[in-house]
Amino acid sequence: MSDTTSTVSLPYSGIRVVEFVHMVMGPSCGLMLADLGAEVIKVEPIGHGRQGDATRKLLGSGAGFFPLFNRNKKSVALDLQTPEGKAAALKLIATADVVCENFKPGTMRKLGLDYDSLKEQFPRLIYVSHKGFLPGPYEHRTALDEVVQMMGGLAYMTGRPGDPLRAGTSVNDIMGGMFGAMGAMAALAQREKTGKGQEVQSALFENNVFLIGQHMMQYAVTGKPAAPMPARISAWAIYDVFQVKNGEQIFLAVVSDTAWRIFCDAFGLGELRDDPRLASNNDRVLAREWLIPLLRDQMAQYSSAHIAQVFESNGLPFAPIAMPHELLDDPHLNESGALAPMELPDGRQTKTVLLPLTLNGKHLQVRLSPPKLGEHSIEILTQLGYSAEEAKALSTP
């Protein structure tokens with residue numbers, strides 16, 4: 001896929017971002033800026049046994065990292081451990097509006113590419129650091145999404161009592177990158193007023209604490225610690241996964257008194273509708289011990305497709321239990337344009353997930369498929385004044 005789609009109408013057209021990032025958090029920040037029109041140049045390490053972003057080669061649950069978070073970017077390969085590679089990086093930074101990094105504390109300082117080393121030379125530069133922790137007692141620690149989920153209460157809330165469980169996706173990495181992008185946008189807006197750049201910091205731990213803040217405030221309001229989600233006392237009586245005909249599963253929610261009457265009428269449950277013990281939602285919450293088993297028996301006679309049709313026709317919330325790969329064929333995602341064609345670095349064609357927003361009714365599209373390592377080295381380095389031969393030498397290990 002070539003960069004043939006005009007970016008002129010996109011919000012960050014004309015903004016250049018240079019990223020020194022790997023894994024998920026930093027790349028997700030660049031992804032969001034790239035989708036919004038910025039030219040994002042991914043500087044990938046070579047030499048000393050390194051061959052680009054390590055996520056290019058991950059297996060298992062990491063196999064989707066690189067293709068999802070690195071579209072709409074250009075790749076330049078440099079050995080930053082050499083004076084020549086570092087000099088090329090500095091020339092590239094001189095052309096940038098934003099620099100992003102997400103390495104361990106001190107890594108960029110050793111290279112002389114941290115904000116303190118750059119800010120006097122490049123006073124308009126916006127520098128986004130993605131870390132495990134914001135400055136404080138923990139800032140020296142190495143963090144991962146799972147680490148902060150465990151120490152930040154999310155794993156406790158997700159798992160059953162006594163069995164902490166990480167969430168099923170890289171929520172802090174992705175959202176931490178999103179806050180990094182939000183900070184970059186705010187800094188760009190402020191630069192329009194002041195003419196000066198600044199450093200932006202985003203961190204996994206603080207992101208996780210923001211996610212869990214509702215449960216911290218629950219304690220502040222009630223004086224009682226929040227129970228893990230599988231053991232919580234739900235605010236609504238019917239808010240569960242039901243196993244139905246042929247062993248299928250479906251999530252059903254009845255969250256108001258009006259919805260309760262509609263639900264009972266739709267499934268011929270007039271006795272329950274008129275039972276004074278179930279008159280209000282709070283009554284039904286208190287009756288869950290005997291009500292839910294009764295409803296499970298009632299629902300078990302129907303297929304999930306039939307229940308979904310009844311719930312949808314009556315405006316009641318429901319959800320099939322989907323596996324991630326099944327969403328590639330989801331009719332809503334495909335017909336609404338939320339998925340787009342893309343080429344993987346090995347040449348295979350696939351569909352990818354676009355940002356969950358539209359501008360003027362349109363999704364932000366894939367303009368560039370995830371780049372091959374160093375795919376744009378010659379293009380970018382020659383723009384900086386290097387000859388084609390010099391550019392090739394700089395980007396070859």
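Of the 397 residues in this chain, 45% count as buried. What you have on screen is a predicted model, so it makes sense to begin with the overall picture and then walk through particular residues. The chain is built from 17 helices and 14 strands. Along the principal axes, its C-alpha atoms fill a box of roughly 85 × 45 × 45 Å. Take the contacts between residues at least 6 apart in sequence: 70% of them join residues at least 24 apart. The accessible surface comes to about 20,600 Å², and 56% of that belongs to carbon and sulfur atoms.

Now to the charges. The chain carries 37 positive and 42 negative side chains, and the centres of these two sets lie 4 Å apart. Side chains of opposite charge can pair when their charged atoms come close. How many salt bridges does a search of the whole structure find? The search gives 20, and a few of them deserve a visit.

Start with Asp79 and Arg50, which form a salt bridge whose closest N and O atoms are 3.6 Å apart. Asp79 lies in the loop between β4 (73-78) and α3 (83-93), while Arg50 belongs to strand β3 (residues 50-51), so this pair ties together parts that are 29 residues apart in sequence. What about the surroundings of the two partners? Asp79 has a relative accessible area of 13%, and because the cut-off for buried is under 20%, Asp79 counts as buried. Arg50, at 30% relative accessibility, counts as partly exposed.

Another stop is the salt bridge in which the side chains of Arg166 and Glu146 meet, again with an N to O distance of 3.6 Å. This pair links distant parts of the chain, 20 residues apart: Arg166 sits in the loop between α7 (154-158) and α8 (171-194), and Glu146 in helix α6 (residues 145-151). Both partners count as partly exposed, Arg166 at 25% relative accessibility and Glu146 at 36%.

Are Arg348 and Asp346 buried or exposed? Both are exposed, and their side chains meet in a salt bridge with an N to O distance of 2.9 Å. Elsewhere, salt bridges that share partners join Arg16, Glu39, Lys74 and Glu379 into one network.

The surface has nonpolar features too. Tyr138, Leu144, Val147 and Met151 form a nonpolar patch there, with about 330 Å² of accessible area together. Tyr138 counts as partly exposed, with a relative accessibility of 34%. That is enough to qualify for the patch, because the cut-off for patch residues is over 30% relative accessible area.

Let's go inside next, to Ser75 in strand β4. Ser75 is buried, with a relative accessible area of 0%.

Asn208 is another residue to look for in the interior. It is found in helix α9 (residues 204-222), and Asn208 is buried, with a relative accessible area of 0%. Setting aside neighbours within four places in sequence, Asn208 is in contact with Val148, Gln149, Gly152, Gly153, Leu154 and Asn172.

Finally, have a look at the backbone at two loop positions. His48, in the loop between β2 (39-47) and β3, has a phi near 55 degrees, a positive value in a residue other than glycine. Asn72 also has a positive phi, about 60 degrees, although it is not a glycine. This asparagine, Asn72, is found in the loop between α2 (65-69) and β4.

Definitions and conventions: Residues numbered from 1 in each chain as written. Predicted model: local features only at pLDDT ≥ 70, side-chain atom pairs only at ≥ 80, totals over all residues. Heavy atoms only, no water. Salt bridge = Lys/Arg side-chain N within 4 Å of Asp/Glu carboxyl O. Helix = DSSP H or I, 4+ residues; strand = E, 2+ residues; numbered from the N terminus. Buried < 20%, exposed > 50% of the residue type's maximum accessible area, 1.4 Å probe, protein only. Contact = heavy atoms within 4.5 Å. Areas by Shrake-Rupley, 256 points an atom, 1.4 Å probe, with all protein chains shown as cover. Lys, Arg positive; Asp, Glu negative; His and termini not counted. Charge placed at Lys NZ, Arg CZ, Asp CG, Glu CD. Patch = residues over 30% accessible without salt bridge, like charges linked within 9 Å, V, L, I, M, F, W, Y side chains within 5 Å.
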